[in-house]
Every structure is written in C-alpha cells, then in structure tokens.
Amino acid sequence: MMGDIIRPGPVPMQLDVEIIGTAPVERLDVLHGTQVAQTVRPYTAAHLGRRVRVLWQGAEYRGRGRETHWQGRLTLTGNRIAGFAAVNFLNPERLVHQTSPGTALAWTSVTTGNLAGIDLWLDATRQGVLDLETNIVSGRVDLAALAGDAITFEGGGLDRRLSVYRLPETDWGNRVTCQHTVQRTCAGDLPVYVRVTQADGHQAWSSPIYLIA
C-alpha cells in the first residue's frame with residue numbers, strides 16, 4: 001500500500017492504481033524517483049480534435065520568492081479561435097483577454113510550481129500557426145504537426161516550461177486505472193509513486209512505496 005517500505009529482492013512489484021477525480025483526468029504518471037516511467041491517459045488520439053491547450057508551469061526556485069510572473073500573448077494565423085477558457089486561474093485580478101477577435105489573446109499569471117493555461121477551441125482542427133510570446137520563454141507551433149504529444153519550450157528555473165497539446169473537445173471521464181510493473185535494479189532506495197493531473201489544472205500525488213535493498 002501507499003507508504004510501505006519493502007525489500008523485493010529480485011521479485012518484480014506490480015502496482016495497481018485506480019484514480020477517481022473531481023474533474024476529468026488528463027493523465028496519470030507513474031514515477032520512479034524523479035523519472036516518469038509510464039503515462040496513462042483515459043482517451044486516445046481518435047478523441048483529439050479542435051481543442052488545444054496552452055499551458056505554463058514551474059517556479060523560480062525552491063523556498064520563498066519562488067513565484068514566476070508570466071506576461072504572455074498568443075497570436076493565431078491561418079485559423080480562428082472559436083472560443084477559449086482559462087485553466088486554473090485562481091486570482092480574479094489576473095485574467096485572459098482577447099486583444100484581436102478570433103486571432104489574439106493576452107494574459108497575466110503567477111505560478112509557484114503549479115500550472116495554469118488557456119484552452120482554445122479552433123475553427124479548423126489542423127490549420128494555422130500559433131505564436132506564443134511570454135517574458136519567460138516563447139515559441140511557435142505549426143498546428144498541422146500538433147498530434148498526440150505535447151510541444152514543449154523550456155524556460156529554466158524549477159521545472160518551468162510552456163507546453164502546447166491537444167485535448168478532447170468535450171469533457172471525458174474522471175476515472176482511470178493502471179497496472180505497472182517495477183523491477184528494482186538501482187543500488188539505492190527506489191520510491192515509486194503516482195501523480196494525477198486533472199483537466200482543471202489540479203494535481204495530486206500518492207505517498208511513495210519504497211523498494212529498498
């Protein structure tokens with residue numbers, strides 16, 4: 001169970017996970033220490049469509065003063081934004097606003113290790129170019145090449161980055177299960193745990209199971 005300390009020897013451990021979220025589950029990550037060993041999503045590439053998420057996350061460093069202040073804007077050419085919604089904007093003074101109808105947005109945001117973003121619903125699924133400009137990191141995404149994997153732009157600091165990826169157009173299930181096999185091969189202790197990320201931007205972590213010598 002979560003929090004257990006075990007001596008597996010040469011025997012692989014099978015990890016069984018069930019997540020029931022308070023919102024649609026975007027992904028479940030199984031981690032070995034700090035490394036993501038497996039990612040499970042409760043949808044497939046066939047469910048992806050006109051919904052594109054622009055996400056920023058991370059912090060300056062650990063401890064006080066870790067806040068990262070984001071000032072950003074995006075511009076879409078060769079397509080139009082049919083609708084948009086802020087993701088995990090908890091401060092009512094920091095907003096997303098449209099600077100050019102259907103083609104450009106701007107925002108201010110703060111992250112302290114958490115994540116925030118904007119969901120875009122586009123007129124056409126795989127047309128256009130998305131230009132992203134922030135005070136931390138900027139980038140360009142060809143939407144024709146945006147498939148199931150995220151396009152990521154690293155921003156330094158503590159896990160600070162800007163990501164763009166597709167999601168299903170409408171909300172989906174809040175339950176996901178996973179089976180994962182762990183073979184301890186390292187010399188030191190191996191903590192195995194899971195991280196769940198919901199579509200609303202909220203995250204949760206399990207307590208580790210420690211595999212020790």
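Which residue does Asp29 form a salt bridge with, and how far apart are the closest N and O atoms? I started my notebook with that one.

**Entry 1: ground rules.** I am working with a predicted model, where local features need pLDDT of at least 70 and side-chain atom pairs count only at pLDDT 80 or more, while totals for chains, interfaces and linings use all residues. Residues are numbered from 1 along each chain as its sequence is written, and side-chain values use heavy atoms, with hydrogens and water left out.

**Entry 2: my opening question.** I looked up Asp29 and found that its salt bridge partner is Arg27, with the closest N and O atoms 3.2 Å apart. I noted the rule too: a salt bridge is a side-chain nitrogen of Lys or Arg within 4 Å of a carboxyl oxygen of Asp or Glu. Side chains of opposite charge can pair when their charged atoms come close. Next I checked burial, where buried means under 20% relative accessible area, exposed over 50%, and partly exposed in between, using a 1.4 Å probe and protein chains only. Asp29 is buried at 3%, and Arg27 counts as buried at 16%.

**Entry 3: more pairs.** Arg27 also forms a salt bridge with Glu26, and here the closest N and O atoms are 2.9 Å apart. Glu26 is buried, as is Arg27. Then I turned to Asp171, which pairs with Arg51 at 3.6 Å between the closest N and O atoms. Asp171 sits in the loop between β14 and β15 (175–182) and Arg51 in strand β5, so this pair ties together parts that are 120 residues apart in sequence. Asp171 counts as exposed at 55%, whereas Arg51 counts as buried at 5%.

**Entry 4: the network.** I counted 14 salt bridges by this rule. A network of them links Glu26, Arg27, Asp29, Arg51, Arg53, Asp119, Asp171 and Arg195.

**Entry 5: the nonpolar core.** A nonpolar core is a set of buried Ala, Val, Leu, Ile, Met, Phe, Trp, Tyr and Cys residues joined through side-chain atoms within 4.5 Å. The largest one has 24 residues, and Val54, Trp56, Leu74, Leu120 and Leu130 have the most contacts inside it. Strands that each supply at least two of its residues include β5 (48–59) and β10 (115–122). β10 gives the most, with 4 residues.

**Entry 6: around Leu130.** Leaving aside neighbours within four places in sequence, I found Leu130 in contact (heavy atoms within 4.5 Å) with residues including Val54, Leu74, Leu120 and Val164.
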